[in-house]
Amino acid sequence: MYNRFAESSRVNWVMNIAAQVPPELRHEVTELMSPRSIGLILASIRTDYKVPITFPDQVTVLHKLVKRPDSTSDRIFMEAVAYSHKHKRLAARFFEDIAVYDYRAAKKAPLKPFMVEQMQTMYELQDQRQLQTEQKVQDLLQSMEELKV
């Protein structure tokens with residue numbers, strides 16, 4: 001079940017990319033989820049279980065790129081976390097290796113240039129958000145230290 005949560009989240013992640021590209025390119029992005037042209041295949045997934053998820057619970061799964069894609073990328077490396085609302089903590093962590101596959105040619109293929117650009121932008125935004133969050137944490141810790149004095 002946990003890996004299904006990750007799969008659903010990954011599909012939503014790809015659909016989010018489709019929403020960000022120009023309308024004439026959206027179909028090519030949504031095709032990544034089908035075996036008709038260039039598609040994504042989950043090559044491997046490692047799941048680290050933290051707490052059991054039992055009904056009723058609500059789960060939020062968040063994905064991030066681990067490695068910045070480039071024009072030669074024929075794999076996407078991602079991490080994801082599943083957050084249990086019931087337990088108010090991480091329920092699982094996922095490490096995914098996703099192959100880019102050309103179903104017509106029956107072999108691995110690189111991502112299309114506009115997809116690489118979109119994923120590079122996402123990767124850079126992730127880095128910016130991480131730096132902003134780390135700064136907020138440092139500011140909060142500094143404020144706490146000032147309160148102790």
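Tutor: Helices (H or I, at least four residues) and strands (E, at least two) are DSSP runs, numbered from the N terminus, and two strands pair if DSSP finds at least two bridges between them. This is a predicted model, in which local features need pLDDT of at least 70 and side-chain atom pairs count only at pLDDT 80 or more, while totals for chains, interfaces and linings use all residues. Residues are numbered from 1 along each chain as its sequence is written, and side-chain values use heavy atoms, with hydrogens and water left out.

Student: In which sense do β1 and β4 pair, and over how many bridges?

Tutor: β1 and strand β4, which covers residues 89-102, pair in the antiparallel sense over 11 bridges, and Tyr49 stands opposite Ala92 in β4.

Student: How many bridges link β3 to β4, and which residue is the bridge partner of Ser84?

Tutor: Strand β3, made of residues 75-84, pairs with β4 in the antiparallel sense over 10 bridges, and Ser84 has Arg89 in β4 as its bridge partner. The two strands form a hairpin with 4 residues between them, and in that turn Lys88 has a positive phi of about 55 degrees.

Student: What joins β4 to β5?

Tutor: Strand β5 (residues 107-108) runs antiparallel to β4, and 2 bridges join them; Asp102 has Lys107 in β5 as its bridge partner. In the hairpin of β4 and β5, again with 4 residues between the strands, Ala106 takes a positive phi near 55 degrees.

Student: Turning to the loops, where is Ser34, and is Ser34 buried or exposed?

Tutor: Relative accessible area (1.4 Å probe, protein chains only) decides this: buried means under 20%, exposed over 50%, and partly exposed in between. Ser34 lies in the loop between α2 (26-30) and β1 (38-49), and Ser34 counts as buried because its relative accessibility is 8%. If residues up to four places away in sequence are not counted, Ser34 touches Gly39 and Tyr103, a contact being heavy atoms within 4.5 Å.

Student: Why does Gln58 count as exposed, and which residues does Gln58 touch?

Tutor: Gln58, found in the loop between β1 and β2 (59-65), counts as exposed because its relative accessibility is 53%. Leaving aside residues up to four places away in sequence, Gln58 touches Tyr83, Ser84 and His85.

Student: Where is Val137, and how does Val137 count by accessibility?

Tutor: Val137 belongs to helix α3, which covers residues 113-148, and Val137 counts as partly exposed because its relative accessibility is 41%.
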